[in-house]
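Work through the exercises below with the sequence and the structure in view. Each task is followed by a solution in steps.

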Amino acid sequence: MRIDIITIFPEMFEGPFSESIIKRAQNKGLVEIHLHQLRDYTTDKHRKTDDYAFSGGAGMVMMIEPIARCIDALTAERKYDELIYMSPDGDLFDQKMANSYSLKGNLMILCGHYKGIDERIREHLITKEISIGNYVLSGGELAAAVFVDSVVRLIPGVLGDETSALSDSFQNDLISPPVYTRPRAFRGWEVPDILLSGNEKLINDWKLEQSLKRTAERKPGLLKEDNDRKD
Ligand code: SAH
């Protein structure tokens, strides 16, 4: 997979993309992430990417020309499955979307700032708008990093057996069961006996039971969705 990110703050991605699983995925050649400084696509000497909103009002708006120039340059090189704009009013991102994006070839992600981007970019150039939650960030970079992290870890071959995504929360519309490691007792807080029983069948039954219980308590909407689909 190849991911191209258009941003005025490429340095914001240095931390998230140079550690842990995302770093390993790039080193293994399973994903290529390219950052594009939007200011490189300006033509004025101040490298301006924003301007006042027509009709006035508070806040600046990201201009159409540098963004269109950057998108044109990238699409001239290859075909993209989606041109994504990170936006608080976009489709609410979830694990199902992460799974489906993890199977794509080329993705382009545009990060907005200030009051957002000129609406005509959204109307004519963007193919998908994604929100990571119902709150407003100051820029699309953190949202894009969240999106990329959750998608890249699902690319086949990125996670080893030890961290398999299949047993993670949401993958089967269930929340993960609780997990424990050594020591067996700490301040009198014991690990459930069944996990030490060595009986694989009993352990799996317990895990499923815990998953169902937790899902009902914490994310009842997941069980409901499941029922709706079966109806
Ligand atoms: N005025 C806009 C908010 C702009 S926030 C509004 O009221 O809808 C500035 C930029 O941050 C946006 O262009 C977008 O790229 C990004 N952003 C903010 N919140 C986000 C969220 N919840 N999900 C994804 N991107 C977000």
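Predicted model: local features only at pLDDT ≥ 70, side-chain atom pairs only at ≥ 80, totals over all residues.

Residues are numbered from 1 along each chain as its sequence is written, and side-chain values use heavy atoms, with hydrogens and water left out.

**Exercise 1.** State where in the protein chain confidence is lowest and where it is highest.

Solution. pLDDT is the predictor's confidence in each residue, from 0 to 100. The protein chain averages 95, and 96% of the residues score at least 70. The lowest mean, 70, belongs to helix H8 (residues 220-230), and the highest, 99, to strand S6 (residues 106-110). Helices (H or I, at least four residues) and strands (E, at least two) are DSSP runs, numbered from the N terminus.

**Exercise 2.** Classify the pair of Phe93 and Phe147 and locate its two residues.

Solution. Rings of Phe, Tyr and Trp (its six-membered ring) pair if their centres lie within 6.5 Å; planes under 30 degrees apart count as stacked, over 60 as edge-to-face and the rest as tilted. The rule gives four aromatic pairs. For Phe93 and Phe147, the centres are 5.1 Å apart and the planes make 50°, a tilted pair. Phe93 sits in the loop between strand S5 (82-92) and helix H4 (95-101), and Phe147 in helix H6 (residues 140-152), 54 residues apart.

**Exercise 3.** Classify the pair of Tyr101 and Phe147.

Solution. The centres of the Tyr101 and Phe147 rings are 5.2 Å apart and the planes stand at 70°, so the pair is edge-to-face. Phe93, Tyr101 and Phe147 form one aromatic cluster.
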